[in-house]
Amino acid sequence: MTEKIKVLLSEGEVDAKIQQIGEQISKDYAGKQVHLVCVLKGGSFFMCELAKRITVPVSLDFMSVSSYGSETKSSGVVRIVKDLDEPLKGKNVIVIEDIVDSGRTLSYLLEMLKDRGPESLRLCTLLDKPDRRVVDVNVDYTGFQIPDEFVVGYGLDYDQKYRNLPYIGIVEFE
Ligand SMILES: O=P(O)(O)OC[C@H]1O[C@H](OP(=O)(O)OP(=O)(O)O)[C@H](O)[C@@H]1O
Ligand code: HPA
Ligand SMILES: [Mg+2]
């Protein structure tokens, strides 16, 4: 089976939105430092672009979780594959994700990070697929709400491919 990618959000649209979010975060955290926590691998492209557009001091850390185990459907079990290098105590943390889909990954992660005593904890996602939500997640910054379609690009993969696309596309199978 081959797949075709149909553009959902162009590179220009995504760039403009990231600029907007960067300005909003810079305003909201004026006079403070923000600590961005990237959820690998999907969140990495968005975080790099966003970090460049934030004008308050920024520090970065990375973590990797496995949400789906060996199954193809989300089981609700989230395993930490790589933990953060730095403690979160007293930091203004913003978790950066590419997509909130069922919400399982982020609801688990936010609960866990809250226990580490950050000064504040917010969530910023490039994409939100609300139709697929199974677990409630409070999202503070959202780039785009999208329909229930499987999307790739800007960090999002299909079978580990297409993460490097500079736009968001819908995968069509033919
Ligand atoms: O809301 P959910 O249903 O939990 O899905 C969202 C999560 O799934 C994807 O990551 P994935 O676990 O596929 O790993 P990746 O980021 O390395 O692609 C995506 O990057 C989110 O982290
Ligand atoms: O639509 C999606 N695309 C890629 N990865 C994902 N992980 C959750 N939803 C998606
Ligand atoms: Mg991910």
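This section describes the sheet, the nonpolar core, the ligand shells and some local backbone features of a predicted model. Local features need pLDDT of at least 70 and side-chain atom pairs count only at pLDDT 80 or more, while totals for chains, interfaces and linings use all residues. Residues are numbered from 1 along each chain as its sequence is written, and chains are lettered from A and ligands numbered from 1 in the order in which they are written.

Helices (H or I, at least four residues) and strands (E, at least two) are DSSP runs numbered from the N terminus. Six strands build an open sheet of mixed pairing, in the order 4-3-2-5-6-7. Two strands pair if DSSP finds at least two bridges between them. Strand 4 (79-82) and strand 7 (141-145) are the edge strands, each pairing on one side only. From one strand to the next, the twist averages 30 degrees. Strand 3 (residues 58-66) and strand 4 run antiparallel and are joined by three bridges. Ser64 has Lys82 of strand 4 as its bridge partner.

Two helices pack on the sheet. Helix 1 touches strand 2, strand 5, strand 6 and strand 7, and its direction makes about 160 degrees with that of strand 7. Helix 3 touches strand 2, strand 3, strand 5 and strand 6, and its direction makes about 170 degrees with that of strand 5. Axes are lines fitted to C-alpha atoms, for helices over the stretch in contact, and angles run from 0 to 180 degrees between N-to-C directions. Contact requires C-beta atoms, placed from the backbone, within 7 Å.

The largest nonpolar core holds 35 residues. Such a core is a set of buried Ala, Val, Leu, Ile, Met, Phe, Trp, Tyr and Cys residues joined through C-beta atoms within 7 Å. A residue is buried if 20 or more other C-beta atoms, placed from the backbone, lie within 10 Å of its own, exposed if 12 or fewer, and partly exposed in between. Leu36, Phe46, Ile94, Val95, Ile96 and Tyr154 touch the most other members. Elements giving two or more residues to this core include helix 1 (11-28), strand 2 (34-40) and helix 3 (104-114). Strand 5 provides the largest share, six residues. Beyond four places in sequence, Leu36 contacts Met47, Ala51, Val58, Leu60, Ile94 and Ile96.

Ligand 1 has 18 residues around it, of which Lys41, Gly42, Asp101, Ser102 and Thr105 come nearest. A residue is near a molecule if its C-beta atom, placed from the backbone, lies within 6 Å of it. Strand 5 gives the most to this shell, four residues. The shell divides into six nonpolar, six polar and six charged residues. Ala, Val, Leu, Ile, Met, Phe, Trp, Tyr, Cys and Pro count as nonpolar, Asp, Glu, Lys and Arg as charged, and the others, Gly among them, as polar. Ile99, Asp101, Phe150, Val151, Val152, Leu156 and Asp157 surround ligand 2. Five are nonpolar, none polar and two charged.

Most residues other than glycine have a negative phi, and most peptide bonds are trans. The bond from Leu40 to Lys41 is cis, with omega near -10 degrees. Lys41 lies in the loop between strand 2 and helix 2. Tyr154 has a positive phi, near 50 degrees. Tyr154 is buried because it has 28 C-beta neighbours inside 10 Å. Phi of Gln160 is also positive, near 70 degrees. Gln160 is exposed, as 7 other C-beta atoms lie within 10 Å.
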